[in-house]
Amino acid sequence: MPYEARVIQSHTSNGSVANSSNVTVTFQIRRTDYAMIGYNYEGNAYWRISCDGQSTGNKYFTFDWNYHPQNQWWTVGSHTFTVAHNGDGSKHIGFDGYYYTGISPSDLGASGSATLTKIPRYANITSFKNTATTVNSATFYWTADSNCDVLQYSLNNGSTWSNASGSTFSISGLSPGTSYNIKIKVRRADSGLYTTSNNISFTTKSIARISNSSLSMNIGGSLSLSFSNYGNNKSFLRFYAQKTDGNWQQISTVSNIQASSYSWNLSSYSSTLYSLCPNSNSLKIKVICGVSLNGKEYTNTVSGTAKVTNSNPAFSNFTFQNTDSKTVSIVGNTQNMISLFGNLRITITSANKAVAKNSATMKYYNIVVSSGNTVVSKKSNYSLSDINVDIGSLQSAGTYIIRIDAVDSRGNASAVVSKTFVVYPYHTPAISASIDRLNGFEAETSLKLTSLISKINIAGVNKNSIQNLQYRYAESGKPFPETYTQLNNYTTSESGEDFVITINEPQFLTLDINKTYTFEFKVLDKVTSYTISPNANQGVSAMNIMDNGNILMGVTPDERNVKDTKANLLVQKDIKSKGRYVMEQIDKRASLDASDGGIEIPAGADLNNYKTIGNYYCPMNTTVKTLKNCPTNYAFTMEVKYGTGNDYPKQIIYEYFGGGFERYFESVGSKAWKPWGSRFNSNNSFTVLSNAVKSLYLLMHPVGSIVMTTSNSNPGDTFGGTWQSWGSGRVPVGVDTNQAEFNSSNKTGGSKTVSHHHTRGSLVANIGAVDNDSTSIGYDATNKSGVLYDFAFSHGNLKTNIPASRVNHATTVSGLTADTQVTNLQPYVTCYMWRRTA
């Protein structure tokens with residue numbers, strides 16, 4: 001029968017990497033004489049296609065040719081195979097197709113072959129490594145699985161590729177001690193395709209480096225250097241020093257150094273280096289180590305310090321003396337002094353001036369004068385001329401050492417030059433004086449004065465003594481008179497290293513008791529004087545009872561105090577009893593005000609509304625009178641605090657003059673206050689003898705107190721306590737521990753009368769005018785031994801040795817008389833005195 005069959009193929013490459021193609025094989029039939037008629041619905045028809053050893057296997061199917069046109073190919077089946085190419089990319093394949101129709105014709109088959117399109121191939125780089133490095137080059141080795149005719153490399157993933165050749169190639173012009181990445185690209189000769197390798201890393205060798213962590217040398221010596229990597233290259237060395245302006249100056253250079261260490265002798269550059277650090281003991285230096293490669297210098301730098309040595313300035317001598325002529329005359333030479341006075345002068349002449357070394361300049365001298373814990377330090381600027389430094393006086397005696405060194409611009413000091421001298425003990429005159437009124441308040445005064453005059457003992461000989469002792473005085477607030485009064489009635493004794501000057505004058509001056517006086521006592525020795533200014537205070541007795549009954553204790557009885565009608569007891573200070581101060585306790589009751597964080601109560605306020613815990617105050621009486629539910633008309637402070645519980649506040653009022661009230665909140669629910677009650681006394685004042693007033697009186701009159709009154713009423717009956725009548729028929733006298741009669745309390749003595757007993761010859765006197773001058777009076781007394789005592793006063797002048805014949809109207813007292821009693825009573829007023837005993 002006229003049936004034909006064929007197999008055809010088409011293919012596409014999968015690329016060089018896969019080195020395969022997708023081959024599609026199609027099996028077709030046709031009838032050449034007329035149209036194809038036939039079908040197979042049973043599904044037992046099948047086809048299969050094979051290609052290069054691969055097969056689809058039988059593919060069963062149904063078909064209906066349905067008058068397929070004559071000579072037109074009808075596709076039985078088609079299948080795509082993946083076919084691997086040969087290693088060179090070529091491939092020749094065979095393929096066939098078979099068709100079982102299940103009708104007439106029963107089967108058909110066809111076969112064919114084809115050469116596939118050759119696939120271009122890449123070379124595989126099988127090896128790529130770095131085999132050697134230098135400071136500026138590297139060598140590499142590579143292999144591939146096929147012949148390659150082009151080799152290129154790229155550094156650090158750059159876009160530029162450089163040509164190379166051979167399986168071993170080198171790259172030069174690299175930087176020392178630098179890490180790189182490199183990859184190569186090769187072209188397969190037969191395919192012309194390029195294969196690129198992965199990056200590999202390598203590092204060039206480092207140049208020789210100075211391994212010292214820092215540099216150190218002494219100017220004038222050598223610099224020791226150590227090197228690492230010294231085998232990699234020869235190096236040049238450059239030595240620099242920093243100038244005072246911060247810039248660097250090259251000092252020296254050497255070349256072709258290739259060793260593990262190098263000692264660089266720089267002694268010939270000492271002067272230059274010293275000149276670069278005139279004000280410092282160190283000079284910053286650096287060394288640059290480097291090599292020239294590829295027309296470029298590669299360097300490393302290490303810094304350090306060059307030290308100044310053996311450059312202390314030279315200084316060897318100075319002189320000193322005491323320039324104070326007064327103390328020089330006392331001591332007897334200029335090389336020693338007394339404490340507190342004189343002037344130590346230290347001199348450095350131009351001939352003895354310090355000399356700086358090695359480009360430094362001199363700056364100053366350190367001067368220290370010391371003895372034990374006494375140290376005096378001074379700094380004197382350097383000068384080419386003579387230098388005089390005044391230390392002044394020295395406070396303490398002893399052997400002193402003068403130490404001086406010279407300091408240059410670098411801070412270097414010369415050797416210390418020392419000399420010694422002696423300061424002899426001396427102190428300024430000391431004086432203490434007290435002027436005391438008789439009984440503490442009378443016009444008569446006594447003087448007690450003590451002065452210390454320092455000895456100045458030099459080689460066992462005292463050189464000092466008192467020269468003058470004098471005083472002057474004036475009413476306080478007024479100027480002193482120009483002149484002093486000499487005090488000559490002193491005694492002198494010795495105590496250790498002092499002369500003790502003493503005056504104990506019980507009858508010194510009579511001063512107005514109503515005035516205070518300022519005295520000035522001045523003592524002078526051979527060196528200096530000293531002055532003190534004590535006061536003689538206004539006469540104030542310990543206690544005064546005034547005519548109006550006022551009692552003044554330590555208070556001046558001036559008109560204001562005498563006429564005070566509001567107080568019967570006036571005291572200078574507070575009254576203390578049982579360790580408590582009366583006025584202090586009273587003041588505390590009225591001390592809560594704004595300064596304590598208190599809140600002011602405004603006019604018209606209702607005290608019932610003040611239930612918040614805190615401090616309150618109303619400072620004006622006029623404001624108090626506007627308040628509601630207020631128990632007083634006087635200024636007060638009020639404290640609100642918890643009563644029996646947090647819900648029951650308590651109000652306490654402290655009147656400024658001492659009275660007070662308090663009340664409790666009765667019920668929170670009813671918002672009611674209990675009535676005000678007196679806190680201190682029923683009338684809120686001290687006019688009623690309440691227990692508080694009685695306690696206050698006893699507080700002000702502790703055991704031992706004396707009460708004076710014109711009423712014969714025991715104070716214990718009114719105020720309590722135990723009181724005894726005291727001092728009946730006697731006048732109180734203040735205790736004076738310096739007088740045996742008055743040196744303790746409760747002593748008694750004295751008499752209302754004085755007895756006089758006269759015998760003949762005990763007193764013979766002629767009294768009358770002298771030379772008939774009525775303005776004079778003479779006294780001619782002859783005792784029983786016949787010695788004359790003749791005196792006369794005329795116009796306030798005392799005259800002596802006046803003959804009896806010149807005394808007119810003489811009266812002679814002679815003969816034996818009886819004992820007589822003379823009244824010795826002072827003017828007096830009586831009162832009752834009571835002393836508290838318990």
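## A guided tour of the strands, rings and surface

Begin by selecting strand β26 (residues 337-338) and β32, which run parallel and are joined by two bridges; strands here are DSSP runs of E with at least two residues, helices are runs of H or I with at least four residues, and both are numbered from the N terminus. Two strands are said to pair if DSSP finds at least two bridges between them. Within this pairing, Ile 338 stands opposite Tyr 424 in β32.

Before going further, note that this is a predicted model, in which local features need pLDDT of at least 70 and side-chain atom pairs count only at pLDDT 80 or more, while totals for chains, interfaces and linings use all residues. Residues are numbered from 1 along each chain as its sequence is written, and side-chain values use heavy atoms, with hydrogens and water left out.

**Along β31 and β32**

Two residue pairs can be picked out here: Gly 398 stands opposite Val 423 in β32, and Arg 403 has Ser 418 of β32 as its bridge partner. Then select strand β28 (residues 362-371), which pairs with strand β31 (residues 398-408) in the antiparallel sense over eight bridges; here Ser 370 stands opposite Ile 401 in β31.

**The rings**

A search of the whole structure finds 34 aromatic pairs, where rings of Phe, Tyr and Trp (its six-membered ring) pair if their centres lie within 6.5 Å, and planes under 30 degrees apart count as stacked, over 60 as edge-to-face and the rest as tilted. Are Tyr 400 and Phe 421 buried or exposed? Tyr 400 is buried, with a relative accessible area of 0%, and Phe 421 counts as buried at 2% relative accessibility; buried means under 20% relative accessible area, exposed over 50%, and partly exposed in between (1.4 Å probe, protein chains only).

Now move to another group of rings, where ring pairs link Tyr 3, Phe 61, Phe 63, Trp 65, Trp 74 and Tyr 99 into a cluster. Phe 61 and Phe 63 are both buried.

**A buried loop residue**

Select Asn 19, which is found in the loop between β1 (3-13) and β2 (20-31). Asn 19 has a relative accessible area of 11% and is therefore buried. Leaving aside residues up to four places away in sequence, Asn 19 touches Ala 84, His 85, Asn 86, Gly 87, Gly 89, Ile 119 and Arg 121, a contact being heavy atoms within 4.5 Å.

**The whole chain**

Finally, zoom out to show the whole chain, which has seven helices and 64 strands. Of its 838 residues, 37% count as buried. Among contacts between residues at least 6 apart in sequence, 58% join residues at least 24 apart. The accessible surface of the chain comes to about 45700 Å², with 47% of this belonging to carbon and sulfur atoms; such areas come from the Shrake-Rupley method with a 1.4 Å probe, and for residues only the protein chains shown count as cover. As a last stop, select Ile 545, which is found in strand β44 (residues 543-545) and counts as partly exposed at 40% relative accessibility.
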